[in-house]
Amino acid sequence: VCSSDLPGVRAGRLRADLPNERQIDLMNADIAGRHHRFVRLCSCDILKLFQKVTKRTKSEQPLSSPRPTLCNPHKERSTMTVLVTGGCGYIGAHVVHALHQAGEKVVVVDDLSYGKPTRIEGSRLYGMDIAAPGAGERLAEILDAEGVDSVIHFAARKQVGESVEKPLWYYQQNINGMLNVLTGMTQSKNAKKLVFSSSAATYGVPPVDVVPEDVVPMLPINPYGQTKLFGEWMARACEQPFGIRFCALRYFNVAGCGPVELEDPAILNLIPMLFNRLKQGKAPAIFGDDYPTPDGTCVRDYIHVSDLADAHIAAFKYLDRDERKYDAFNVGTGEGTSVRQIVDEVKKVTGLPFAEAVMARRAGDPPHLIGSPKRINEEMGWHAKYDVEDIVKSAWDAWQANPEHHIDVDTWKQAD
């Protein structure tokens, strides 16, 4: 897979003889060399630059070249051209698949840190770290060269525990990434619709059992959640001065699999982590069993990744409306499932007679987080179709279809 050389864009070609990490290093070095202005990667300078950008009025031009006048950039059309950042990853690839199923043209930007280029069904791929200096200007070039009118922004760091250990890196990566996406959109001609991959981590430890979008206060308890909430603020601030139509989808715990080839490629989420421990013959881990919940383990709202992909299609239809009451939506089922209940479901689906191990709590994990889907149900007509059994079974089918992951159930034994 490679990206074509387009007018005004030096697109990085992906070489089969180099590992993904080396390819991206080379392309990022090229980006940095072609841009003379270096954006310091610290929160103070990010805020200063963001304040400077958002002070522009509609009449001011962010680039020296004139911006063409559009009759109606939000007119509903039969097809869109959508740029998906992080489109090679787990959720991103499912959304790319859903967009193709809906007949849309898709362009992907990804640094391949977790994803694979084979997962995007022939979409054009640009290898790039969107948090790198100069990425905003290059994104603007790509958006115009590809005729993009809509953007879905997934690319971000997403591990809660890691964000507690590396807070400054998370601020640099996630806030700078959103800043560059918005910079690219405000400098492009037609990219005016943005669906942002936000998170239930923005709620912190909410004062209610089932969380509505307007709960007060919203106090994220880890840097990951903080960066997602600040990303929402940044996008919202760009709506009025730049005419960007924005909505944030606050995901709860995404799991399961659609087509088996779109299996979660990273062992970072609960169900793949359980399967990975089983593959090694080890006891699956439960992080903490002393939370103030019915069985002592964390309770979450698990949403099937295919349901989530459908929510993105619904979000674009929502953004086509001239009258929109809200710009933030929970994507969940409204039902809570504990970690121990997930473990029990894994036992049932896999048929493996394993014993789980209880380990210490992970930093930054709230005990209870369930989202009310009422707003997205009513405003977009979206409803979750799959339950926890569907989630675990689809994830297991995808795991078993991968020769590198497959577990021989008949001969499996637990080593510890």
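Helices (H or I, at least four residues) and strands (E, at least two) are taken here as DSSP runs, numbered from the N terminus. The structure is a predicted model, in which local features need pLDDT of at least 70 and side-chain atom pairs count only at pLDDT 80 or more, while totals for chains, interfaces and linings use all residues. Residues are numbered from 1 along each chain as its sequence is written, and side-chain values use heavy atoms, with hydrogens and water left out.

Seven strands make up an open sheet with parallel pairing, in the order E3-E2-E1-E4-E5-E7-E12. Its edges are strand E3 (124-127) and strand E12 (328-331), each of which pairs on one side only. From one strand to the next, the twist averages 20°; axes are lines fitted to C-alpha atoms, for helices over the stretch in contact, and angles run from 0 to 180 degrees between N-to-C directions. Within this sheet, strand E5 (residues 193-199) and strand E7 (residues 245-251) run parallel and are joined by seven bridges. Leu 194 is found opposite Phe 246 of E7.

Helix H7 (residues 223-237) lies across E5, E7 and E12 and runs at about 160° to E5. H3, for its part, lies across strand E1 (81-85), strand E2 (105-110), strand E4 (150-153) and E7, at about 165° to E2.

A further open sheet is built from four strands in the order E6-E15-E10-E13, and here the pairing is mixed. Strand E6 (210-211) and strand E13 (337-338) form the edges, each pairing on one side only. E6 pairs with E15 in the parallel sense over two bridges, and Val 211 sits opposite Gly 371 in E15. Strand E10 (residues 299-300) also runs parallel to strand E15 (residues 368-371), again through two bridges. Here Val 299 has His 368 of E15 as its bridge partner, while Arg 300 is partnered by Leu 369 of E15.

Turning to helix packing, helix H3 (residues 90-101) meets helix H10 (residues 305-319) at an angle of about 55°, with the axes 9 Å apart. This angle makes H3 oblique to H10, since angles under 35 degrees count as roughly parallel, over 145 as roughly antiparallel, 65 to 115 as roughly perpendicular and the rest as oblique. The crossing of H3 and H10 is right-handed; a crossing is left-handed if the near helix is turned anticlockwise from the far one by less than a right angle, and right-handed if clockwise. On the H3 side, Tyr 90, Ile 91, His 94, Val 95, Ala 98 and Leu 99 take part, facing Val 305, Ser 306, Leu 308, Ala 309, His 312 and Ile 313 of H10. By class, the contact of H3 with H10 has nine nonpolar, three polar and no charged residues, where Ala, Val, Leu, Ile, Met, Phe, Trp, Tyr, Cys and Pro count as nonpolar, Asp, Glu, Lys and Arg as charged, and the others, Gly among them, as polar.

The axes of helix H9 (residues 270-279) and helix H13 (residues 388-401) come within 11 Å and cross at roughly 45°. H9 is therefore oblique to H13, and the crossing is right-handed. H9 contributes Ile 271, Pro 272, Phe 275, Asn 276 and Lys 279 to the contact, and H13 supplies Ile 391, Val 392, Ala 395, Trp 396 and Trp 399. The contact of H9 with H13 divides into eight nonpolar, one polar and one charged residues.

Aromatic rings come next. Rings of Phe, Tyr and Trp (its six-membered ring) pair if their centres lie within 6.5 Å, with planes under 30 degrees apart counted as stacked, over 60 as edge-to-face and the rest as tilted. By this rule there are seven aromatic pairs. In one of them, the rings of Tyr 318 and Phe 329 have centres 5.1 Å apart and planes at 80°, so the pair is edge-to-face. Tyr 318 belongs to helix H10 and Phe 329 to strand E12, 11 residues apart, and the pair links distant parts of the chain.

Two backbone details in loops complete the description. Val 216 and Pro 217 are joined by a cis peptide bond, with omega about 0°, and Pro 217 is located in the loop between E6 and H7. Leu 112, a residue other than glycine, has a positive phi near 60° and is placed in the loop between E2 and E3.

Technical notes. Contact = heavy atoms within 4.5 Å. Pairing = 2+ DSSP bridges.
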